[in-house]
Amino acid sequence: MKKTGILTAVLATALTVCFFVLPKMSFSENENRYLQTFPQISINNVKSGDFSKELGDYISDRFPFRDFFLNANSVFETKALGKSEINGVYVCIDGYYIEKYEKPESTDEIIDIINNFDEKTEADIYMSLVPTAYAIYEDKLPSFAPKGGQLETMEQIYEATNAKDIDVSGVLSENKDKKLYYRLDHHWTTEGAYIAYREIISRMGFEPGERAEFEPKTVTEDFKGTIYSKINLPNIDGESIEVWDSGDKLKVSYEDTNEISHSLYNFDYADKKDKYSLFLNNIHTLIEITNENAESDRSLAVIKDSYANCLIPFLTRHFKSIYVFDTRYYKGSVSEFINEKGISDVLFLYNMNTIDNDLGIRAVF
């Protein structure tokens, strides 16, 4: 017993020393997020309890060998305890890991936001809400996982808003034998985006491009995305990301950095942890995409989450101009921008796990 106590004390001392001595990272590549910084000390911060919470997060984020211990804990839970859920992620059949779906709390607020936006703009408003793997791959979930919810909420929003709804759940369900979603990330694949694109663009009055008109190219085979970062399990192979090049000659302007490109991709991200950011070159407040050889003179504004990033390349052949907003960071009025530019069409595109708590959609006015 005495030896155990001594060993525990030595281990605790060693970890404490490591905590203060080892370099402090500001960004976790594995989790693809910035780590908690040391909290600001103030009377209000201490009284509110924010200091204690942030200090706890700081210690947790900077704990020595944190990735190792998270990894060991996940292995113990799945192998020793036989758990089929880790950090809000279900361990599913066919090697899939699927995020839980929580009942939304802000549906009425989202409906009001979209309807108010519709009243302010002169453009045609379309909305496509994308079910996640939780709904489309329901048969892969563990037996104890609650089923349903997403499609019912989606239908509620469609019925209550004035936007022209484009329901892609049917075509995705019809093609669920294909790899529509990544196993280790919450996004849909380029294949899934293409299938949805065909439905979306048809509803907007265009003839969709055929699969043979695009040139699929695998840009990485080692993608381990956001879900992998949550489960922290070893010995899991990464997966591939494809881009489907249409051959369109584009001008891509980034408002926030004043950069101009002729590609919708930044392949530097293929060598980083955050590989999905190769689509649309990660996060930008406003991107203007121009295709002088488009099949129409129509223009499109896209208000979206990151699901849209790998879908937008399919849209460029149809619209002369596409304006892509990240309304989490865009400070102006999107409705005023649309009216001033005379933009003909607007597409809201969000996945069902995001729309309830996305800060961007709440900033649309």
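**Around strand β14: a guided chat**

Visitor: What is the strand order of the open sheet of eight strands?
Guide: This is a predicted model, where local features need pLDDT of at least 70, side-chain atom pairs count only at pLDDT 80 or more, and totals for chains, interfaces and linings use all residues. Residues are numbered from 1 along each chain as its sequence is written, and side-chain values use heavy atoms, leaving out hydrogens and water. Strands (E, at least two residues) and helices (H or I, at least four) are DSSP runs numbered from the N terminus, and two strands pair if DSSP finds at least two bridges between them. With mixed pairing, the open sheet runs β7-β6-β15-β13-β14-β12-β10-β11.

Visitor: Which are the edge strands?
Guide: Look for strands that pair on one side only. Those are β7 (164–165) and β11 (259–261).

Visitor: Which residue of β14 stands opposite Ala301?
Guide: β13 and β14 run parallel, joined by five bridges. On the β15 side, Ala301 stands opposite Val346. In β14, the residue facing Ala301 is Tyr323.

Visitor: And which residue of β14 does Ile289 stand opposite?
Guide: β12 (residues 286–290) pairs with β14 over five bridges, in the antiparallel sense. Opposite Ile289 you'll find Ile322.

Visitor: How many residues of β14 are buried?
Guide: Buried means under 20% relative accessible area, with exposed over 50% and partly exposed in between (1.4 Å probe, protein chains only). Ser321, Tyr323 and Phe325 point one way, Ile322 and Val324 the other, and all are buried. So β14 is largely enclosed by the rest of the structure, and the buried count is five of the five.

Visitor: Is Asp326 buried or exposed?
Guide: Asp326 is found in the loop between β14 (321–325) and α12 (334–341). Setting aside neighbours within four places in sequence, Asp326 is in contact (heavy atoms within 4.5 Å) with Ile283, His284 and Thr285. Its relative accessible area is 4%, so Asp326 counts as buried.

Visitor: Which side chain joins that of Asp326 in a polar contact of 2.7 Å?
Guide: A polar contact is a pair of N or O atoms within 3.5 Å; within protein, one must be able to donate a hydrogen and the other to accept it, and residues adjacent in sequence count only if both atoms are side-chain atoms. For Asp326, the partner at 2.7 Å is Arg328.

Visitor: What do the buried residues of α12 pack against?
Guide: Val334, Ser335, Phe337 and Ile338 are buried in α12. They cover an arc of only 160 degrees around the axis, so they sit on the same side of α12; the arc is that of the directions from the helix axis to the C-beta atoms. The buried residues of α12 pack against α5, β12, β13, β14 and β15.
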